[in-house]
Amino acid sequence: MNENIGLQLSRAPRIWRAVLDQRLAPLGLTQTRWVTLYHLWQMPEGQPQCDLARAIGVEAPSLVRTLDQLCEQGLVERHPCDQDRRTKRIHLTKQATPLLEKIDAIVKQARAEMLAGLEEDDQQKLGEILGRIEANGMALLNPDGSKDDDC
């Protein structure tokens with residue numbers, strides 16, 4: 001068994017994000033803002049705020065300040081949910097599209113460079129292995145199988 005695999009698994013995402021932070025800094029984006037925007041762009045339109053927080057891996061209250069800043073920049077809007085006015089749905093604005101296209105191009109280029117030397121089959125297998133590790137970890141964190149739907 002590779003005793004260093006845990007360290008490698010924790011180090012790789014930090015390096016990945018550091019590369020992206022460095023390349024996205026000229027766009028005036030902090031990591032928190034670009035991660036939030038990019039996740040929102042990848043999700044169906046009008047996500048509940050708590051679902052967005054869950055996808056990013058933060059607590060819903062922690063996301064509030066970032067969304068406030070993105071609203072001030074005119075990149076996102078919050079709308080009350082028709083079924084539950086306590087729930088806010090998050091929508092990207094048209095102003096966000098050009099910025100997200102730039103982010104996406106930078107992310108794709110960085111991904112290609114970070115995965116350089118890995119064949120397509122290796123990348124596929126890596127994705128499967130990481131998915132299995134993630135599922136195992138989630139099962140350990142939540143052994144009864146219940147979902148935390150409380151925002």
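Mentor: Let's start with a term: a residue is buried under 20% relative accessible area, exposed over 50%, and partly exposed in between, using a 1.4 Å probe and protein chains only. With that, buried residues make up 27% of the 151 residues in the protein.
Mentor: Please keep in mind that this is a predicted model, where local features need pLDDT of at least 70 and side-chain atom pairs count only at pLDDT 80 or more, while totals for chains, interfaces and linings use all residues. Residues are numbered from 1 along each chain as its sequence is written, and side-chain values use heavy atoms, with hydrogens and water left out.

Trainee: Okay! How many helices and strands does the protein have?
Mentor: There are six helices and three strands. Both are DSSP runs numbered from the N terminus, with helices being H or I over at least four residues and strands being E over at least two. Starting at the N terminus, the order is α-α-β-α-α-β-β-α-α.

Trainee: And what does the C-alpha trace span?
Mentor: Along its principal axes, about 50 × 45 × 25 Å.

Trainee: In what order do the three strands sit in the sheet?
Mentor: The order is S1-S3-S2, in an open sheet with antiparallel pairing. S1 and S2 are at the edges with a single partner strand each, so one side of each has no neighbour in the sheet. Two strands count as paired if DSSP finds at least two bridges between them.

Trainee: How many bridges join S1 to S3?
Mentor: Two bridges, between S1 at residues 47-48 and S3 at residues 88-92. Pro48 has Arg89 in S3 as its bridge partner.

Trainee: And over how many bridges do S2 and S3 pair?
Mentor: Five, with S2 covering residues 76-80. Along that pairing, Val76 stands opposite Leu92 in S3. Here is a general point to remember: in a regular strand, side chains alternate between the two faces of the sheet.

Trainee: New topic: how many salt bridges are there?
Mentor: The count is four. The rule asks for a side-chain nitrogen of Lys or Arg within 4 Å of a carboxyl oxygen of Asp or Glu.

Trainee: Which residue forms a salt bridge with Arg78?
Mentor: Asp68 does, and the closest N and O atoms are 2.9 Å apart. This pair links distant parts of the chain, with Arg78 in strand S2 and Asp68 in helix H4 (residues 60-72), 10 residues apart.

Trainee: Why does Arg78 count as partly exposed?
Mentor: Because its relative accessibility is 25%. Asp68 is also partly exposed, at 32%.

Trainee: What about Arg54, which residue is its partner?
Mentor: Arg54 forms a salt bridge with Asp51, again with 2.9 Å between the closest N and O atoms. Both lie in helix H3 (residues 49-56), three residues apart, which is about one turn of the helix. Arg54 is partly exposed at 39% relative accessible area, and Asp51 is partly exposed at 28%.

Trainee: Where do Asp104 and Lys108 lie?
Mentor: They are in helix H5 (residues 96-114), four residues apart, or about one turn of the helix.

Trainee: Is Asp104 buried or exposed?
Mentor: Asp104 is buried, because its relative accessible area is 13%. Lys108 is partly exposed, at 48%.

Trainee: Now the surface: which residues form the nonpolar patch?
Mentor: Ile5, Leu9, Leu118, Leu126, Ile129, Leu130 and Ile133, with about 530 Å² of accessible area together. Patches use residues with over 30% relative accessible area and no salt bridge; like charges are joined within 9 Å, and nonpolar side chains (Val, Leu, Ile, Met, Phe, Trp, Tyr) within 5 Å. The areas come from the Shrake-Rupley method with a 1.4 Å probe, and for residues only the protein chains shown count as cover.

Trainee: Which helix gives the most to the patch?
Mentor: H6, with four residues. H1 (5-24) and H6 (120-141) each supply at least two. Leu126 is in H6, and Leu126 is partly exposed at 35% relative accessible area.

Trainee: Last one: what does UniProt place at residues 2-135?
Mentor: An unreviewed UniProt entry places the feature "domain: HTH marR-type" there. UniProt positions are given in the numbering used here, feature names are shortened, and annotations may be inferred rather than shown by experiment. Over residues 2-135 the chain is 66% helix and 9% strand, with the end C-alpha atoms 20 Å apart.
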